[in-house]
Amino acid sequence: MAQLGFGLVLAGATVAGATGAMAGTVSVRPFGRMPDGTAVRAITLTNARKLSVTVLTLGASVQAASVPDRAGRSADVVLGYDDLAGYLAKLNFFGATVGRVANRIAGGRFALDGRAYQVPVNDAPNSLHGGTKGFDKVVWQLVSTGAGARPHVTLRYLSPDGDQGYPGALTATATYSLNDQGALAVDYSATTNKPTIVNLSNHTYWNLAGEGVHEGAMGLRLTLPAGSFTPTDATAIPTGEFRPVAGTPFDFRRPTVIGDRVRDGRDEQLRYGRGYDHNWVVSRTPPSGMQLMARVEDPGSGRLMEVLSDQPGIQFYSGNFLDTTIAGKSGHLYREGDGIVLEPQKFPDAPNRPAFGSVRLGPGQTYANHIIFRFSVQ
């Protein structure tokens with residue numbers, strides 16, 4: 001294992017496992033510097049089957065994922081930028097770890113242990129993904145890397161008491177690991193020194209057909225094993241209802257082409273979100289172990305991705321606000337529907353809706369969200 005101290009830059013460093021050519025590798029390279037001079041690094045994990053994932057210390061973000069198709073040809077299936085300048089100009093949550101509380105909090109207000117708190121309103125009139133400077137916009141400490149059968153990297157961020165208005169000093173860790181069966185694991189954990197609220201998730205934009213392809217991501221087939229979803233008001237805050245998906249454009253219990261119904265203006269919920277931007281209820285309460293949250297297939301390439309987690313809900317966002325004002329990798333102008341986001345998490349606005357379950361974390365407790373993105377080909 002390579003222990004990487006805070007502030008240390010390893011330009012082009014590569015760590016190989018002891019099993020030789022079939023072992024996974026980890027490489028670390030500079031990715032630029034923040035305006036205050038803080039170094040940002042890119043860490044690439046590669047397994048023995050030509051699958052590789054690059055993670056940035058900025059936002060503990062997935063910057064790229066090179067995945068083979070049925071013919072063995074690899075393509076990057078993640079939207080993002082080629083350099084740090086793009087992320088600094090318009091971050092857009094590309095690949096990011098979002099928190100301290102993912103998704104939306106109504107009005108940016110919540111109560112905890114009888115005390116009222118106000119966090120930034122950055123998606124008027126609500127707070128989104130932790131506020132104006134959430135976990136996506138900070139540089140995480142590179143703690144360690146390891147190669148071999150399961151190449152991995154661990155990142156850590158200390159969010160001080162009062163950060164973005166949230167109580168408690170929170171220590172969050174994100175570990176990305178890759179195995180030879182094609183599974184990318186994202187393991188989040190957090191501890192606090194006094195009561196707070198936590199709901200972390202990953203906001204990677206996926207397109208299994210390939211980042212920047214002309215046809216976008218709306219031809220992907222999606223399965224969501226959920227019998228209900230949480231409809232929202234016009235500001236994307238859940239109403240509190242658990243609405244059955246049967247007979248609606250939100251029924252993805254069988255593989256369904258996303259683009260078939262994404263613009264069905266007869267459904268008020270699709271008008272509110274300009275497409276899909278909703279939480280599907282895979283289970284009413286957190287399961288005892290990992291459960292299938294989503295399955296995505298690209299018929300053209302044969303790439304398949306299964307999403308598993310120990311969370312009760314998954315936010316599916318169909319890239320509705322990509323509007324060609326963002327020039328991503330290789331100068332691609334990202335359009336509406338060019339990528340999709342699948343975020344396992346607890347339900348949106350849970351701090352204000354007891355029926356949605358608790359996101360409270362107290363001293364001596366450990367928050368966890370375990371996510372697996374499992375790739376294969378058909």
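Trp206 and Phe373 are both buried, where buried stands for under 20% relative accessible area, exposed for over 50% and partly exposed for the range in between, with a 1.4 Å probe and protein chains only. The structure is a predicted model, in which local features need pLDDT of at least 70 and side-chain atom pairs count only at pLDDT 80 or more, while totals for chains, interfaces and linings use all residues. Residues are numbered from 1 along each chain as its sequence is written, and side-chain values rest on heavy atoms, with hydrogens and water left out.

**Aromatic pairs**

Rings of Phe, Tyr and Trp (its six-membered ring) pair if their centres lie within 6.5 Å, and planes under 30 degrees apart count as stacked, over 60 as edge-to-face and the rest as tilted. By this rule there are 26 aromatic pairs. One of them joins Phe31 and Tyr87, whose ring centres are 6.2 Å apart with planes at 65°, so the pair is edge-to-face. Because Phe31 lies in strand E3 (residues 25–33) and Tyr87 in helix H1 (residues 84–89), this pair ties together parts 56 residues apart in sequence; helices (H or I, at least four residues) and strands (E, at least two) are DSSP runs numbered from the N terminus. Phe31 and Tyr87 are both buried. The rings of Trp206 and Phe373 have centres 5.0 Å apart and planes at 50°, so that pair is tilted. Trp206 belongs to strand E19 (residues 205–206) and Phe373 to strand E30, so the pair ties together parts that are 167 residues apart in sequence. Phe31 and Tyr87 also belong to one aromatic cluster, together with Tyr81, Phe94, Tyr205, Tyr317 and Tyr334.

**Strand E30 and its partners**

Two strands pair if DSSP finds at least two bridges between them. Strand E30 (residues 367–377) runs antiparallel to strand E16 (residues 183–192), with eight bridges joining them, and Tyr188 has Asn369 of E30 as its bridge partner. Strand E26 (residues 303–309) is likewise antiparallel to E30, through seven bridges, and Arg303 is bridged to Val377 of E30.

**Charges over rings**

A charge sits over a ring if NZ of Lys or CZ of Arg is within 6 Å of the ring centre and within 35 degrees of the ring normal.

| Charged residue | Ring | Distance from ring centre |
|---|---|---|
| Arg261 | Phe252 | 5.1 Å |
| Arg284 | Phe242 | 3.8 Å |

**Surroundings of Leu270**

Arg261 is also among the residues that Leu270 touches, a list including Pro249, Phe250 and Tyr276 and not counting residues up to four places away in sequence; contact means heavy atoms within 4.5 Å. Leu270 is part of helix H2 (residues 268–273) and counts as buried because its relative accessibility is 4%.
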